[in-house]
Amino acid sequence: MLITLHDTPAIQLHPNDDVAIALVPLAAGRQIELAGYAPRLARAIDAGHKFALRPVEPGQPVRRYGQVIGFATHTIAPGDHVHSHNLAVGDMRLDYQIGAEARPVALVPSEQRRTFQGYRRAHGRAGTRNTVAVLGTVNCSAHTVRRIAARARAELLPRFPNVTDVIGIAHHSGCASKTAGYEIEMLRRTLAGFARNPNVAAYLFVGLGCEANQFEDLFASQHDRLGNPRLPPYLGIQDTGGVAATIDEGLRLLEGLLARANQSTREPVPLSELALALQCGGSDGFSGVTANPALGYAVDLLVGQGGTAVLSETPEIYGAEHLLTRRAVSRAVGEKLIERVRWWEEYTSREGFMIDNNPAPGNKAGGLTTIYEKSLGAVAKGGSMPLQAVYEYAEPIDEHGFVFMDTPGYDPVSATGQVAGGCNLIAFTTGRGSCFGFKPAPSIKIATNNTTYERMRGDMDINAGRILEGATIEQVGREIFEKLIAVASGEKSLSEAQDIGEEEFNPWIVGATM
């Protein structure tokens, strides 16, 4: 795709679209000649927002990307601003056509395979970082976990130059819930997944002692993921003698763990060892035009190298899931995705809200109106490769290629599940300007427009807004691909350089708190 501001002030993304997207702010009364239409704008249109090319009657669908993004709630005339005042979701029947567009992955020839400088692990994918983690089993140990990590960074880490960081993984759960069942097992597999993420070289668990999430039960249910024949390093504050004594003992144990982690060094590793978490936050009207399709192009390049890309945020594929089921490699994969979507319909209904509550005020200010529109732009992050598997939250990702993990749309909760599943790198697109970071997996930020990129130069790693000035999706996609390799090899992303990412660990809690 080639779009230039010199050619047109707006763009129709598909010949069947009823709307065009303003590429720059457009004044009221301006006549726009585009794709055989010449509407006169009824009011000023902000960049990233939509205006009608042709009339739409109430109840009729409105299309963008050649897909339905909602239904007119009032008569829409050519030149009208199309947004929340005249467009809403409605009953839509999607044709899933499972597997209709699945195609074999064409891996690049072996002589063209790329590598990154990573840390080989005995238990799975290679790491992009060499981190030691202190993990809490319960919120009651959160302060102690953070103090152990902070003191280790200050007092011990300088002696171990091959270790990237010491991080404290604390959270707000672990008690006042059932001691067995789906909810606590989800938390346990999330914690175990972080302990065994390829970016984590060694770990220490810290609990209080009387919590529902007993460490022995965590170990018993997650033994295969933790990979230890014996109980891994664990400290209980009550048994160790209180907070101060536990911090001291934690430092003593970490010294040995750091020495072991320090033995690992970077070496060439195939790109097939990368597992990339795909995220977007603060989306705008340009997300599905620039950053998301450019990231999708980079995803296709990565999958062609044998790597893995993990699309998530189930509420943010709602209304676009049929584009994914058509790429499913089997009926079982397609039906599992549909089942997760149906679960979300029931879950949101039970909790008294609709999935269309999802677009945030910032999304709407940036030009997005409905969840259908947001989702159609969001799935572009997933490129075009076949959908190999669908995982539940924080499940181990054991397939290579393009896969999906069921998560909420809330970025910290979603990324927590992806990294627990084994992702060792994150690519994060943003239109409004997210400053998201996530330890131990470095997060690369991709701005959808020039304004956000220039305003937040200290946070945006890539400017996909260049596509609006003449760069192609392929050019920016290759730039993203090269940045993935560079960051995987040790270059710090901008959020990582600012030490962002220790507070973002946020496991999904779906059960009752007692």
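Which residues are linked with Arg64 in a network of salt bridges? Lys50 and Glu373 are linked with Arg64 in that network, where a salt bridge is a side-chain nitrogen of Lys or Arg within 4 Å of a carboxyl oxygen of Asp or Glu.

Before I go on, a word on the source: this is a predicted model, in which local features need pLDDT of at least 70 and side-chain atom pairs count only at pLDDT 80 or more, while totals for chains, interfaces and linings use all residues. Residues are numbered from 1 along each chain as its sequence is written, and side-chain values use heavy atoms, with hydrogens and water left out.

Let me begin with Arg64 and Glu373, whose closest N and O atoms are 2.6 Å apart in their salt bridge. This pair links distant parts of the chain, since Arg64 sits in strand 4 (residues 61–64) and Glu373 in helix 11, 309 residues apart; helices (H or I, at least four residues) and strands (E, at least two) are DSSP runs, numbered from the N terminus. Both Arg64 and Glu373 are buried, buried being under 20% relative accessible area, exposed over 50% and partly exposed in between, with a 1.4 Å probe and protein chains only.

A second pair is Glu496 and Arg129, whose side chains meet in a salt bridge at 2.7 Å, N to O. Glu496 counts as buried because its relative accessibility is 18%, and Arg129 is buried with a relative accessible area of 2%.

By contrast, consider Arg93, which forms a salt bridge with Asp91, the closest N and O atoms being 2.7 Å apart. Arg93 is exposed, with a relative accessible area of 70%, and Asp91 counts as exposed at 61%.
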